[in-house]
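The following note sets out numbered points on the model shown below.

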Amino acid sequence: MLNLWIYNYTFEFEISNRLYLINNHTAPWYYFNRCANYFLPVIAENDIILCYEKPVHIHLKHLENTIGQLPHYLELNHPFLNNQLNYQSSIKIIKEKYPKERINLKPWGWSRELIKLNNLLSNQLLSVTYNTIKILNSKLTSTYLREVLLKNSYQIASSIISTNVKTLQSELKTTINDFKSVYLKDFLGVSGNLMVPLSLQDDIEIFIKRKKKFFNNNITNLLVEKKIDIEKEFSLQFQFIDNQGHFVAITGLITSKKGQYLGNIVNWKNDIDIPSLICDIKPITDYILDMGYIGNLGFDFIKTKQGQVKMLEINARYTMGIVAHHWVSLLDTKNPGIFINTFFKNTSAPVIDEILMLIKKIEISQNCKIVLVHYVRHATSQSNHLITLAISASSPSKLQTALKTIFKTVSSKSVIYKMVKNNSLF
């Protein structure tokens, strides 16, 4: 049986029935179509990566030198992962390429369509249902499980409000008066979208008129959570297999001041009591096992400025945290590591040869290990670009020096470079 890996970053758009959001010009589908390398550390040599465009030769050699082996890349030569999703035609190409093989799909997340196709291609039913996937990825489920199964210290004040036009404004005003500052969230928010902050100073009536996307698509209820002052964000990565939930790793989250995801920290010194935390959330992991879920899953937490740990949500899919863990562990299982996945904007990006030569020099000068996971340059020279890399070093200062040197070359205007320069990354 062939394992076929698919980075369907559209997973969240699909389960939330929000594929139309990919039409938005800000949705970076151009880059994500070229980001199948996230899976490489866990892929076997004979596996296949389904991709839009495989990396250039010099990048493949760099990856092979780091990993030791590479799987097969199958290019579809059409935008598979965007608003023109057509899994059926894509699978037809695969069946023509491998007519006698049974195919086991390995996606980023299980959408309804991919579950159907897996059952067809592998001639066996997937043990987890689409309904289970959708329920576990809903913020409503996370909120319910947190309230019912966890201690008071993990709670975040929240409320469910109706989107009925007759009651929406009054319910929202009442909730904001109680909580002062809040986040308004769609139950199936997409990659940070469909979540906005609101406070007493905002005009609710104007907001409702301006943010129509929150109140269409037959959405009947929304989650309102009290805004909390955050000191740090982190995730616990689990794998559910053989009727057990296995803890894999804790990963720290790096975000900009505006909440933009930038990367993860791995193997860092933290003050989180991991054994106690795993014990405390065991009622939830047991609940997930009882639902029959299998695969990777992440629990997102925050630590408040008052020192309390609170659970945010559950992500029943591959997460960037588990990807970061695998890539950094590939370099070093003990030393601190950092995984950066970010855009650098409106700049003329150096060619990949220059970046790879720079990486070699930094590895020697800082005695660290670096792998360039993705380097996606837009066809337009003065445009947005994407870089993904993992670094492991003996100390955070060496990590910072390596990052500073790389991003000074890539873009001295990037958020990452400014954060490293201001010593605010860790």
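1. Strand β2 (residues 48-51) pairs with β3 in the parallel sense, over four bridges. Strands here are DSSP runs of E of at least two residues, and helices are runs of H or I of at least four, numbered from the N terminus; two strands pair if DSSP finds at least two bridges between them. Cys51 stands opposite Glu75 in β3. This is a predicted model, in which local features need pLDDT of at least 70 and side-chain atom pairs count only at pLDDT 80 or more, whereas totals for chains, interfaces and linings use all residues. Residues are numbered from 1 along each chain as its sequence is written, and side-chain values use heavy atoms, with hydrogens and water left out.

2. The order β3-β2-β1-β4 describes an open sheet of four strands with parallel pairing. Because β3 (72-75) and β4 (103-107) stand at the edges with a single partner strand each, one side of each is left without a neighbour in the sheet. Neighbouring strands are turned by 30° against each other on average, direction ignored. Axes are lines fitted to C-alpha atoms, for helices over the stretch in contact, and angles run from 0 to 180 degrees between N-to-C directions. Helix α5 (residues 112-122) lies across β1 (2-6) and β4, and runs at about 155° to β4. Contact means heavy atoms within 4.5 Å.

3. A second open sheet of four strands has antiparallel pairing and the order β5-β8-β6-β7. Its edges are β5 (158-162) and β7 (195-199); each has a single partner strand, so one side of each lacks a neighbour in the sheet. Strand β6 (residues 181-185) pairs with β7 in the antiparallel sense over five bridges, and Val182 has Leu198 in β7 as its bridge partner. Helix α8 (residues 168-179) packs on this sheet, touching β5, β6, β7 and β8 (221-226), and its direction makes about 170° with that of β5.

4. Strand β9 (residues 230-241) runs antiparallel to β12 (residues 295-304), to which ten bridges join it; Gln237 has Gly298 in β12 as its bridge partner. Eight bridges join β9 to β10 (residues 244-255), also in antiparallel fashion, with Phe240 opposite Gly245. The hairpin of β9 and β10 has two residues between the strands, and Asp242 takes a positive phi near 55° there.

5. The largest nonpolar core has 79 residues, of which Phe299, Phe301, Ile391 and Ile406 touch the most other members. Such a core is a set of buried Ala, Val, Leu, Ile, Met, Phe, Trp, Tyr and Cys residues joined through side-chain atoms within 4.5 Å. Leaving aside neighbours within four places in sequence, the contacts of Ile391 include Leu331, Pro336, Ile370, Leu403 and Ile406. Another core, of 37 residues, lies apart from it and has Trp5, Ala324, Leu331 and Val376 among its members.

6. Buried means under 20% relative accessible area, exposed over 50%, and partly exposed in between (1.4 Å probe, protein chains only). The structure holds zero disulfides (pairs of cysteine sulfur atoms within 2.5 Å). For Cys35, the nearest cysteine sulfur is that of Cys51, 11 Å away.

7. Ser397 lies in helix α14 (residues 396-410) and counts as partly exposed, at 49% relative accessibility.
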